[in-house]
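Thank you all for coming; I would like to walk you through one protein model with its ligand this morning. Please look at the sequence and the structure first, and then we can go through them together.

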Amino acid sequence: MAEKEKLVIVGNGMAAMRLLEELDARASGRFDITVVGAETRPAYNRILLSPLLSGEMAWEDVCLKPAEWYAERGIRLVLGDAVAALDPSAKTATLASGATLGFDRCVLATGSTPILLPVPGKHLAGVRTFRDVADIEAMTETTKDGAPTVVIGGGLLGIEAAYGLARRGVPVTLVHIMDRLMERQLDAEAARLLKLAIEAKGITVLLEAQTAEIAGEAHVEAVRLKDGRELPCGLVVMAAGVRPETGLAKAAGLSTERGILVDDQLATSHPDIFAIGECIQHRGACYGLVEPAYEQAATLAGVLAGETRGYPGTVVATNLKVSGVPVFSAGDFEGEGAETIIYRDGALPAYRKLVLRDNRLVGAVLYGDTADSHWYLELIRSGRAVLDIRAALPFGQAYAEAA
Ligand SMILES: Cc1cc2nc3c(=O)[nH]c(=O)nc-3n(C[C@H](O)[C@H](O)[C@H](O)COP(=O)(O)OP(=O)(O)OC[C@H]3O[C@@H](n4cnc5c(N)ncnc54)[C@H](O)[C@@H]3O)c2cc1C
């Protein structure tokens with residue numbers, strides 16, 4: 001019997017897990033697979049970290065597959081160890097623990113690293129990022145006596161971290177440098193409504209507030225803002241964005257820019273080393289969301305199994321996961337120079353902004369009622385002309401289809 005092809009997957013996050021499932025469905029038993037994950041737990045649904053933080057969910061709800069799932073398929077799962085070096089010409093991966101793995105083909109699924117703002121005090125105990133289960137455990141431990149918390153960053157992650165902590169009864173101040181929350185996904189009106197809803201959850205929101213320093217001896221004691229205000233706290237959560245984890249690829253001589261450069265087959269600059277998920281840069285784009293990672297995993301499973309299809313890129317959409325605050329954004333939501341249709345009901349409150357170019361929907365922001373978000377996203381992705389339903393467009397799918 002011919003020897004199986006050796007596949008080493010670096011990272012056991014959401015993209016790697018989806019790749020394993022896709023390979024199991026299409027090319028079961030064809031590869032001799034080893035997955036190396038730096039975290040000590042098997043892959044879990046990172047998107048559900050905020051309900052894990054708030055206590056609405058437990059580990060069992062977020063874990064994607066138990067260790068037995070891997071074992072039953074003959075997949076070797078190495079956890080709590082990182083691939084420290086790759087040698088593309090020798091086709092070996094060396095682990096931090098010292099072991100060396102040989103491979104025929106290798107997949108990098110190393111995700112992203114949270115950005116630590118370059119402010120004094122960023123390395124003090126009690127300063128955390130919001131990326132993995134270890135962060136959740138540390139935040140829970142630090143705030144068990146109700147220590148006030150400052151979350152730096154008013155994007156999706158910062159808001160979800162603030163909400164998760166507030167749900168557990170922790171006093172939270174959310175500090176954001178911009179003049180509105182989630183400015184990369186929301187226009188001014190939707191962001192205004194969001195701020196009101198977040199404040200109604202008991203969170204203090206400070207906009208146009210720049211962190212100058214994190215003060216404390218060994219442990220954080222306060223956040224000092226540029227304008228002189230001081231916010232006493234026992235925990236600081238930095239949610240100031242992520243950058244693709246390219247260190248391993250770069251050191252191995254693979255081409256990288258912001259992310260690891262890949263072609264439409266998800267191959268890096270070495271033909272036997274592939275990359276998927278948040279660590280990649282494809283056609284100039286680095287995605288910070290899971291849907292593109294899943295599409296890349298499906299494409300790569302096909303490529304590894306001998307198909308020739310390619311990954312064309314993804315039109316992304318964002319949903320905020322704060323209960324009772326439905327927010328959706330996709331595409332070109334600012335719509336500079338485009339036509340916009342705005343629907344607003346201040347009392348509910350409900351708000352929809354639809355952006356059109358050449359009678360095609362190119363962007364949407366929904367606040368309050370997001371039930372039709374998939375329909376709007378499909379209209380954006382398909383690029384279909386919407387002239388026939390234009391008058392009904394702001395009222396949603398049922399209305400448009402009945403028109
Ligand atoms: C709190 C939170 C909420 C989110 N909410 C949403 C959302 O609502 N919608 C959405 O689309 N996306 C959301 N995301 C983003 C989503 O989780 C990511 O897009 C997704 O996890 C990307 O998958 P990945 O496999 O590329 O990276 P990851 O899931 O981060 O996995 C990468 C793994 O590789 C490991 N690793 C890195 N280097 C090495 C190495 N050298 N050796 C071994 N292992 C290594 C890392 O430890 C990590 O476990 C959220 C993220 C967070 C943190």
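What you see is a predicted model, in which local features need pLDDT of at least 70 and side-chain atom pairs count only at pLDDT 80 or more, while totals for chains, interfaces and linings use all residues. Residues are numbered from 1 along each chain as its sequence is written, and side-chain values use heavy atoms, with hydrogens and water left out.

The protein has 11 helices and 25 strands, where helices (H or I, at least four residues) and strands (E, at least two) are DSSP runs numbered from the N terminus. Its radius of gyration is 23 Å, close to the 22 Å that the globule rule gives for 403 residues, so the protein is as compact as a globular protein of that length; the radius is taken over C-alpha atoms, and the rule is 2.2 Å times the number of residues to the power 0.38. Along the principal axes, the C-alpha atoms fill a box of roughly 70 × 65 × 35 Å.

Now to the ligand, which is surrounded by 29 residues, the closest being A15, E39, R131, E278 and K321, if we count a residue as near when one of its heavy atoms lies within 4 Å. This shell has 14 nonpolar, eight polar and seven charged residues, where Ala, Val, Leu, Ile, Met, Phe, Trp, Tyr, Cys and Pro count as nonpolar, Asp, Glu, Lys and Arg as charged, and the others, Gly among them, as polar. At least two shell residues come from each of α1, β2 and α6 (156–167).

Which polar side-chain atom lies 2.5 Å from an oxygen atom of the ligand? That atom belongs to K321. Through the backbone, an N or O atom of A38 lies 3.1 Å from a ligand nitrogen, and one of V83 lies 3.0 Å from a ligand nitrogen. The protein covers 91% of the 990 Å² of accessible area that the ligand has on its own, by the Shrake-Rupley method with a 1.4 Å probe.

Grid points are joined across faces, edges and corners, and a volume is the space filled by probe spheres set on the points. The whole structure has one cavity of 30 Å³ or more, and the largest cavity holds about 40 Å³. Its lining, which includes F130, L157 and M238, has eight nonpolar residues, one polar and no charged ones.

Finally, two backbone details. The peptide bond from L348 to P349 is cis, with omega near -5°, and P349 lies in the loop between β23 (339–345) and β24 (350–357). E208 has a positive phi of about 50° although it is not a glycine, and E208 sits in the loop between β12 (204–206) and β13 (211–216).

Methods: A polar contact is a pair of N or O atoms within 3.5 Å; within protein, one must be able to donate a hydrogen and the other to accept it, and residues adjacent in sequence count only if both atoms are side-chain atoms. On a 1 Å grid over the protein atoms alone, a cavity is a set of points where a 1.4 Å probe fits but cannot get out, and a pocket is an open set with protein on both sides within 12 Å along at least five of seven lines; lining residues have an atom within 4 Å of a point.
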